[in-house]
Amino acid sequence: MTAPAALLTPAQTQALIRKLTALADDEIILAHRDGEWTGHAPILEEDIALANIAQDELGHAGMYLELRRTLDGSDPDRLAFFRGADGYTNVRLVELPKGDWALTMLRQFLFDAYEALWLSAAQKSSYAPLAEVAAKAVREEKFHLQHTALWVERLALGTDESRRRTQNALDELWPHVAQLFAPLPGEADLVAAGMLPELEKVRASWESFVLPHLTEKCGLTLPMALAEASEGRDVHTEHLAPLLAEMQSVARQHANAEVW
């Protein structure tokens with residue numbers, strides 16, 4: 001049984017808007033960080049591949065924001081290009097600087113595993129529009145995950161230098177991972193209604209896949225047990241504001257442009 005938007009309670013509508021916005025914000029910011037490698041990746045094939053992954057992530061963000069538009073009439077472009085850091089609700093993991101290639105590949109792997117599993121579960125959402133979006137996006141995310149899992153393995157088992165960089169990347173990123181699995185206000189009600197996947201189950205699946213890959217297959221050392229997120233999505237690092245300033249600069253200079 002699926003639930004059309006007209007049957008949502010006001011509280012469910014607001015919770016769903018928060019969730020869709022957070023999902024989109026993760027994708028927008030990660031896509032921007034990946035896009036910073038365009039023209040600078042270590043080999044031409046990867047330059048193209050990562051640009052394509054970034055484009056896919058932006059496409060997913062667009063789908064989430066279009067779903068939000070059906071709920072509150074908001075403009076996806078205005079949301080993407082005219083909110084400041086205090087209005088974005090992405091996880092801190094995706095806003096960290098792109099670092100070296102090892103950090104970029106490892107972050108993408110950690111995120112792809114989370115998103116692929118979340119989307120797989122969301123295909124069964126009782127909210128039909130979300131189930132349809134999940135079905136479209138999950139195939140791309142599984143490809144992303146396959147690609148980045150191989151890169152993490154390649155780097156971890158490569159040279160002493162590539163292994164050192166990959167371990168350093170894991171040490172830096174790991175404290176930020178738990179926030180991916182922290183529910184938003186009102187999310188529990190949507191989970192109970194079958195509209196959203198249960199994050200604890202997604203996390204269990206994520207850990208059963210990611211942890212053996214990092215430790216047994218790649219020989220990396222986990223810095224610590226995966227802790228709970230200490231702060232919400234309204235708290236950001238100092239890196240988000242300059243990222244947005246760059247990403248939004250053209251749109252803000254021509255805020256009233258109707259034709260590009």
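The largest cavity of this predicted model is lined by Leu-23, Asp-26, Glu-27, Tyr-64, Phe-111, Tyr-114, Glu-115, Trp-118 and Leu-119. Two elements, helix 1 and helix 5, each give two or more residues to this lining, and it is helix 5 that provides the largest share, with five residues. Sorted by class, the lining of the cavity holds six nonpolar and three charged residues, and no polar ones. The volume of the largest cavity is about 50 Å³, and a search of the whole structure for cavities of 30 Å³ or more finds one.

In terms of class, 10 of the residues lining the largest pocket are nonpolar, two are polar and one is charged.

Two packed helices are described by the angle between their axes and the distance between the axes. For helix 5 (residues 101-122) and helix 6 (residues 128-156), the packing angle is about 150° and the axes are 7 Å apart, while the crossing in which helix 5 passes helix 6 is left-handed. The contact of these two helices is formed by 20 nonpolar, four polar and four charged residues.

Within helix 6 sits Leu-155, which counts as buried because its relative accessibility is 12%, below the 20% under which a residue is called buried. Apart from residues up to four places away in sequence, Leu-155 touches Trp-101, Ala-102, Met-105, Ser-162, Arg-163 and Thr-166. Between Leu-155 and Asp-25 there are 130 residues of separation along the chain, and their C-alpha atoms are separated by 28 Å.

Is Asp-25 buried or exposed? With a relative accessible area of 0%, Asp-25 is buried, and once its neighbours within four places in sequence are left aside, the residues in contact with Asp-25 are Arg-83, Gly-87, Tyr-88, Thr-89 and Asn-90.

The last stop is Gly-84, which is found in the loop between helix 3 and helix 4 (92-95). The relative accessibility of Gly-84 is 28%, and therefore this residue counts as partly exposed, a class that lies between under 20% for buried and over 50% for exposed. Not counting residues up to four places away in sequence, Gly-84 touches Leu-244 and Arg-252. Gly-84 and Ala-121, which are 37 residues apart in sequence, lie 31 Å apart in space when taken from C-alpha to C-alpha.

Definitions and conventions:
Residues numbered from 1 in each chain as written. Predicted model: local features only at pLDDT ≥ 70, side-chain atom pairs only at ≥ 80, totals over all residues. Heavy atoms only, no water. Buried < 20%, exposed > 50% of the residue type's maximum accessible area, 1.4 Å probe, protein only. Contact = heavy atoms within 4.5 Å. Nonpolar A, V, L, I, M, F, W, Y, C, P; charged D, E, K, R; others polar. Axes fitted to C-alpha atoms, helices over the stretch in contact; angles between N-to-C directions. Helix = DSSP H or I, 4+ residues; strand = E, 2+ residues; numbered from the N terminus. Left-handed = near helix turned anticlockwise from the far one by under 90°. 1 Å grid on protein atoms, 1.4 Å probe; cavity = no way out; pocket = protein on both sides within 12 Å on 5 of 7 lines; lining within 4 Å. Points joined across faces, edges and corners; volume = space filled by probe spheres on them.
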